[in-house]
Amino acid sequence: MTQNDLPKVEIYRLHHREQFRLGIFFGFDEGLKAIAKKLRATYSKTYRCWYVDDEADALERIAVAFKNRAWVDYKAIQSRLSDEHRKQYATQFHGQKTGTLKAATPEVSRAERKIIVPKEYRNLLERRRYSANTVKTYVSMFTVFLSDHAGRQADEISEEQIKAYMNRLVKEKRVSQSTHNQMINSIKFYYEQVLGLEKKKYWIDRPRKEEKLPKVISEEDVIRLIAGANNLKHQCMIAMIYATGMRRGELIRLRLEDIDTARGQVFIRGGKGKKDRTTIWSDAMNKAYAAYLTTYKPNYWVFEGPNRSQYTDRSVGAVIRQAGQRAGIKGVTAHVLRHSFATHLMDHGTDTRVIQTLLGHERLETTAIYTHVSTKNLQKITNPLDRIISQNADRKRLLEDGDEKK
């Protein structure tokens, strides 16, 4: 059902009976009237609308209540307030809704303002069972977005202001494409999912997709990296990520019962997209893994932090980075190990579809990118310069002794 198929509900901020309210305006409709009553709204004969108190989460509650039943339009929410009441509103509610001083002043820096993301934003992410990392990223990104529009509520930020903000990200802050896309996702989630507005692809333009090849390290570097770890636990972490192709977040969620050394399998729960899968185990790790279990005695998670707590992905990243520094390998991460696992399998003739299954890729095209960095096919190619020079003994000496006359 599109926006045009739904009845329109308009939201305006009102100053009614000495208080600020949110007026809910719509034509005669018993169904919409029933929703307004469920919101405990009061009918105003003066404004010929239903209204609720203008509380911190009032607009979100209205949007959720009317979702899929009406199109909620709040773009002109301030238009029915007089200039005097707008100033009063900005002074009275700035502190309550952003958790800051009672009035916004130019001297107050953004760092001193505490921006509060609407409750329903986080709640909806959690109800839909987004991963903890995704919730954290979305909330963090949306907080940064709101802080750039301090003094305005999220529902008061216009399309033009959103576009201007995205331009600043690209031109002034020069954020990466990944950060750019994450910011777009966090903003769109609020307007489209929380408020239930119709999707508008033209609203926030996506950056052109980059065609970056995955970074890969050699098999020799993998050994050097493992050796660069300063204890058995860290060596097992690095070896396990490479030997299974799992992601960093999948490693820290690994339970003792998930590793079946007898069958040579590792069960990965709730990978990307909430999908379970099975990947391979390395027999070469059996002795080291057994020694690790005996030495560290993990209780539930394969890798545990202090007080038997779950290891953090940040700690895993630090382990790999520090091992890379000791081994003299720059820029190595858990994902580089995952890329290397896939590429080395491909180098030795493993079918692309098998690698797709081990990595948990939804599309074969995603896995096929490793063909661009695999050396299997490159090694079969005779370089044209080699072919030309090999045909004549005099040409061989051209690059050997620099004799340009022959």
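**A strand and its partners**

Modeller: S44 stands opposite C49 in strand 4. The model is predicted, so local features need pLDDT of at least 70 and side-chain atom pairs count only at pLDDT 80 or more, while totals for chains, interfaces and linings use all residues. Residues are numbered from 1 along each chain as its sequence is written, and side-chain values use heavy atoms, with hydrogens and water left out.

Start with strand 4 itself. The strand spans residues 49-53. Helices (H or I, at least four residues) and strands (E, at least two) are DSSP runs, numbered from the N terminus. Four of the five residues in strand 4 are buried, so the strand is mostly covered. Buried means under 20% relative accessible area, exposed means over 50%, and partly exposed lies in between (1.4 Å probe, protein chains only).

Now its neighbours. Strand 3 (residues 42-44) runs antiparallel to strand 4, and three bridges join them. Two strands pair if DSSP finds at least two bridges between them. Four residues lie between strand 3 and strand 4 in their hairpin. There R48 takes a positive phi near 55°. Strand 2 (residues 19-25) also pairs with strand 4 in the antiparallel sense, over four bridges. G23 faces Y51 of strand 4 across that pairing.

Next, a helix. Helix 4 covers residues 119-127, and E120, Y121, L124 and L125 are buried in it. These four cover an arc of only 135° around the axis, which puts them on the same side of helix 4 (the arc is that of the directions from the helix axis to the C-beta atoms). An α-helix has 3.6 residues a turn, so residues three or four places apart point the same way. K119 and R127 are exposed on the other side of helix 4. The cover over the buried residues includes helix 2 (58-66), helix 5 (132-147) and helix 7 (177-194). Just after helix 4, R129 has a positive phi of about 60°.

Two single residues come next. Q356 sits in helix 14 (residues 352-359). Q356 counts as buried because its relative accessibility is 12%. Leaving out residues up to four places away in sequence, Q356 touches H361, E362, R363, L364 and T367 (contact means heavy atoms within 4.5 Å). I369 lies in the loop between helix 15 (364-368) and helix 16 (384-390). I369 is partly exposed, at 26% relative accessible area. With residues up to four places away in sequence not counted, I369 touches K212, L213 and P214. I369 and K212 are 157 residues apart in sequence, yet their C-alpha atoms are 9.3 Å apart in space.

Last, the whole protein. It has 17 helices and eight strands. Buried residues make up 42% of its 406 residues. Take contacts between residues at least 6 apart in sequence: 60% of them join residues at least 24 apart.
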